[in-house]
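Subject: Structure handover

Hello,

Here is the structure I promised to pass on. Please look it over first, then read my notes below.

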Amino acid sequence: MVKPAQQKAVFSEVGARIREERKKLGITQSAMAKLGGVSNATQGYYESGERSPNTEYLGRLYKEGVDVCYIVTGQKGAKSGMPANIDVELLSSIQEAVDEWDSKRTIPVRLKTKSELVALFYAQFAETGQANTEIMRRHLRLVK
């Protein structure tokens, strides 16, 4: 199980990268909130590391040219092997399925493990644009 201190550290790192990307764009927190479709308060929570951004927010930022790969992983998009065109709906459906699976576990998996699972499933299903829930279910059974 992820300890609160570890989770806070991850949220803080992601928040710092969101703030860095916002400043790189030269926009205010309010403008970034509008781009991401969230309230000003939520944007502040994201940047301060009090909350973790959801895939809908990240998808909206991606559509506006923000380096979402960097926000999530700390690696610049071009270096990470991130595809040029992300199917945000597919990514969201995979993220939701993994989150639902994780919520039913006795001991939740680490955030990094969940991110790796989402990335693997996305790579597997990106060509068809459809997540195969049966394949995901079979693979997730193997996770300890």
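Start with Glu-100. Glu-100 counts as partly exposed, because its relative accessibility is 45% (buried means under 20% relative accessible area, exposed over 50%, partly exposed in between, with a 1.4 Å probe and protein chains only). Its salt-bridge partner is Lys-104, at 3.2 Å from N to O (a salt bridge is a side-chain nitrogen of Lys or Arg within 4 Å of a carboxyl oxygen of Asp or Glu). Lys-104 is exposed, with a relative accessible area of 63%.

Some ground rules. This is a predicted model, where local features need pLDDT of at least 70 and side-chain atom pairs count only at pLDDT 80 or more, while totals for chains, interfaces and linings use all residues. Residues are numbered from 1 along each chain as its sequence is written, and side-chain values use heavy atoms, leaving out hydrogens and water.

More on salt bridges. The whole structure has eight of them. One joins Lys-114 and Asp-102, at 3.6 Å from N to O. This pair links distant parts of the chain: Lys-114 sits in helix 8 (residues 111-125) and Asp-102 in helix 7, 12 residues apart. Helices are DSSP runs of H or I with at least four residues, numbered from the N terminus. Both Lys-114 and Asp-102 are buried. For Asp-102, that is because its relative accessibility is 8%. Leaving aside residues up to four places away in sequence, Asp-102 touches Pro-108, Val-109 and Lys-114 (contact means heavy atoms within 4.5 Å). A salt-bridge network connects Asp-99, Asp-102, Arg-105 and Lys-114.

Glu-21 and Lys-24 form another salt bridge, with their closest N and O atoms 3.2 Å apart. Both lie in helix 1 (residues 4-25), three residues apart, about one turn of the helix. Glu-21 is buried, at 2% relative accessible area. Lys-24 is exposed, at 54%.

Next, helix packing. Helix 2 (residues 29-36) and helix 3 (residues 40-48) pack at about 100°, with axes 8 Å apart. So helix 2 is roughly perpendicular to helix 3 (the cut-off is 65 to 115 degrees; axes are lines fitted to C-alpha atoms over the stretch in contact, and angles run from 0 to 180 degrees between N-to-C directions). Helix 2 contributes Gln-29, Ser-30, Met-32 and Ala-33 to the contact, and helix 3 contributes Asn-40, Gln-43, Gly-44 and Glu-47.

Last, helix 4 (residues 55-63). Its buried residues are Tyr-57, Leu-58, Gly-59 and Leu-61. Gly-65 follows helix 4, with a positive phi near 95°.

Best wishes

Technical notes
Helix = DSSP H or I, 4+ residues; strand = E, 2+ residues; numbered from the N terminus. Parallel < 35°, antiparallel > 145°, perpendicular 65-115°, else oblique.
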